[in-house]
Amino acid sequence: MLLRSSTQAAQDLAPASNASGAETAIFNDQQLAAWSQQTQEVLALMTRTVTGVEKPFSGILPHELAAEFSEVDLDRPLGNNDDALTELSQLYLRDAVWFHHPKYLAHLNCPVVLPSLMAEQIMAAVNSSVDTWDQSAGGTLIEQKVIDWTLGRIGLPAGSDGIFTSGGTQSNLMAMLLARDSWCAAHHPGHLIKHRGLPETASKWRVFTSKLSHFSIQKSMAILGLGYDAVIAVDHDAHYRMDVACLAKEIEKCRSEGLIPIAVVATSGTTDFGSIDPLPEIARLCDDYGLWMHIDAAYGCGLLVSENHRSRLNGIERADSVTVDYHKSFFQTVSCGAFFVRDSHNLKHVTHHADYLNPLSAQQEGTPNLVNKSIQTTRRFDALKMWLTLRVMGPAALGDAFDTLIELTQAAHERLTAHPAIEVLHAPELTTQIFRYVPGKNASDAQIDEINAAIRKALFGNAVIAGTKVDGRQYLKFTLLNPTTTIADIEDVLSLIAHYGREQPVEGLNGLFLDENPGFDWHTGMMLENAHLQTPFMADLVTLADPTSPYSLLNYMKEKGKLYSFYIREDFFLMRKEYNQYCQWASSRLSNLRWNSHVEYVSYDETAGVYQLQVTDTRNGQKQNYLARHLILGTGPKAWMPECSQPHRQRQRLTHSSHYLVNKAELQQKRSITVLGSGQSAAEIYYDLLTDIDRFGYQLNWITRAPRFYPLEYTKLTLEMTSPEWVDYFHALPASTRDELNARHKNLYKGINSSLINDIYDLMYVKQLDGDLNVNLFTHSALTAMRWLPQGEFELTLHQEEQDCTFTRRTEGLVMATGYHYQPPMFLEGINARLRWDDKGRYDVQRNYSIDYHNQIFVQNAELHTHGFVTPDLGMACYRNSVLLRELTGREVYPIERQIAFQTFPAKSEH
């Protein structure tokens, strides 16, 4: 007889053709070389990635990362490992949250030990499912061995048992299920809930747990059909542990009301405080009242292997059931949890026999099918991770690591307590610490809340810490589960907290920012790839007021890992897209910024001396009222087009420059395109369209009423006019003189970068080398009228101002780069009488940017007619905001420069 492997036999029977992609991707003995190569590729990728991790998180914002997924088509495979891993690096690894980093101090996420990673490699390849013996064999026995070891550590008696779970939520669900069903079986003989459903008395059943316990208890009761109301939240004592006296009172209260207590859930390691409920006392109460006692030790289970602190879990051995999360305090990969029960007979409540899987006969024969005691069927072989950890490292090493964390937390507690601006809420019992930053004695609770929320946002990336609320107030939280974190790391994070705390809302000033947009997005329709700002990078949101601010552009670059590449680029001028990303980053860190908030109406309450704002949430229409003593209007100018274009604004062939990119593809399908305007936006659009003119074959026109295509005036003595002295001079001039000067100064702030003008000329020169270039550029030509022709074109009537004559041009596509005009918002109608107006219906803006008679309402970027061309200049925004803060607080929060120019602008006699 000739014996052959089944693989060889299959090969003999298969047709002589190349194997399919699926066949070559299946792990088996024929693919070991490919698997080995793949493993090496992953190892190389992870080595490069982890070596380059400088901070726990990149700080990327959700919408930034989501945009990178938009082009992914899962129906079109990349076809090879290299491309797939490169993509994965960009979409996942680059911006992963790294729990192994010593400054990740946020949640109950631990770094993982190497034996756990080794187990994951083996588990993934074998892919056992430990629900039945015939799918796992030795895996079943390994899991049971780890269960038995843990039962011994807990101290549960013979006859106890357990099962691996996905984590604490599933374990707590099993505990509540067994508590419910065992109660029913004991008090309603013959009534099994899994067969007959809930009895009539079930609506009276009550479970007691601390107010600080995990939310999964409420969730479990809802899933089990008893509802949130079945959970009685018991108050805690001064140490944030369940108050046993209160527990006894709540039990008696329920009994007196005809309700039926069935269980108590004690917590060994609450999520926020790490507090351990008094287990022996709770156990005595449960014995007295005949209640099921469940202990949620998902976090505190690390004490089971602690040499120095095991006694803190005294009483756990009296539990009816226990939750343990190895993936929290035993440094295992997610997921790796387990549920334990004192009496294994109670596991019958989750047992169901299926003939195809775990027939009753198999149980009677003694076949160990773990599915009989689980609410899951298919289950990962997670026990292998704990098995290899115990076999390689041993429990003592795990215990030493957890003891190190407890000692580190105590040291962190001492540092926090000693800090003059930190308020510590409790003494830690495990490895969490709740605290908050308090800027000064005069800060209100609301201000302290905003400051601490903002600190966490500002930190996010350089360090990751958690936030929580206690009695409605905002706090910060350290959760220490990394044995490689040092007290020096804690001190670094504390320094950052203090630093960002000092930069948070000004003491004595409680501000709220309302914006009707869903988020920050600056000129999206003009976010051309190579477009850049016309002001240097120092004209960011804060630097010219406070160079040490964490909201500076340089700090943004540092957090994003771009500082050195920005330095090497040696360009003072930011890309427009880069500035937009910077502003998004900064705004995401402001806790007092409310997006989607449309202000409907503002009125003034004379009695209370406050403004009342009626605000609508644009997402759901909900109304909200706010009160304020001061208002700052940052509503800004709106896109403007000539009046003669009004009848045509619904035509898709006509677009304002602010929507250019949205309509670009459609515009380029036209036979002719005209750009109307003379500023930077017009030039950028013209250049962008010129780039593709030979590919699409359209005629391209550029028309401006300006005498020429003015370059932006950027000489240094001219730049001195963006100064406080110039604003003083300009504001003191008569209104008519100011208007005349603004008309003459347009090229100082509405001109085109000279480099772009040269680039446009050079590109036209190059393109005309290949043949006729179908372009027309007109100056001195003002649009006076326009009409739509039946053949699908606009006819533009233009006045040539030097020749004083009229001519027409036709175009299928039209881009209006005609700028922006300011219009007072409609919501001011209720307080118009309180505002100063000039004879042209504009705000009469005072030198300090106020527009009312009471120095209570101020404007940003609405004062061109009173403060001159510096109004839209980004470089003067910090100056203006420093003045506004002075007006609001009565002091100079940031020093305000008054003299920076060499020039003297007003006439000045020599004495």
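Mentor: The centres of domain 1 and domain 2, taken over C-alpha atoms, lie 30 Å apart. Domain 1 covers 512-590, while domain 2 is made of 641-712 together with 749-821; such bounds come from an automatic or database domain assignment. Ten residues of domain 1 touch 15 residues of domain 2, where contact means heavy atoms within 4.5 Å. Residues are numbered from 1 along each chain as its sequence is written, and side-chain values use heavy atoms, with hydrogens and water left out.

A three-stranded sheet comes next. It is open, with antiparallel pairing in the order β26-β27-β28; strands are DSSP runs of E with at least two residues, helices are runs of H or I with at least four, and both are numbered from the N terminus. Two strands count as paired if DSSP finds at least two bridges between them. Because β26 (781-789) and β28 (805-811) are the edge strands with a single partner each, one side of each has no neighbour in the sheet. Neighbouring strands here are turned by 25 degrees against each other on average, direction ignored. Eight bridges link β26 to β27 (793-800) in the antiparallel sense, and Ala785 stands opposite Thr797 in β27.

Another open sheet has seven strands and mixed pairing, in the order β2-β8-β7-β6-β5-β3-β4. Its edges are β2 (161-165) and β4 (231-234); each has a single partner strand, so one side of each is left without a neighbour. From one strand to the next the twist averages 20 degrees. Axes are lines fitted to C-alpha atoms, for helices over the stretch in contact, and angles run from 0 to 180 degrees between N-to-C directions. Within this sheet, β6 (292-297) and β7 (321-325) run parallel and are joined by four bridges, with Thr323 in β7 as the bridge partner of Asp296. Helix α9 (168-187) packs on the sheet, touching β2, β3 (205-210), β5 (260-267), β6, β7 and β8 (337-341), and its direction makes about 175 degrees with that of β6. Helix α13 (279-289) lies across β5 and β6, at about 155 degrees to β6.

Asn848 belongs to the loop between β30 (820-821) and β31 (857-859). This residue is buried, at 14% relative accessible area; buried means under 20%, exposed over 50%, and partly exposed in between, with a 1.4 Å probe and protein chains only. Its side chain makes a polar contact of 2.7 Å with the side chain of Asn855. A polar contact is a pair of N or O atoms within 3.5 Å; within protein, one must be able to donate a hydrogen and the other to accept it, and residues adjacent in sequence count only if both atoms are side-chain atoms. Beyond four places in sequence, Asn848 is in contact with residues including Phe858, Val883 and Glu887.

For the whole chain, the tally is 32 helices and 31 strands, and 49% of the 911 residues are buried. The mean pLDDT is 91, with 96% of residues reaching 70 or more. Over residues 1-19, however, pLDDT stays under 50, and the model has five contacts beyond four places in sequence for them. Where pLDDT is low, the predicted coordinates should not be read in detail.

Definitions and conventions. This is a predicted model: local features need pLDDT of at least 70, side-chain atom pairs count only at pLDDT 80 or more; totals for chains, interfaces and linings use all residues. pLDDT is the predictor's confidence in each residue, from 0 to 100.
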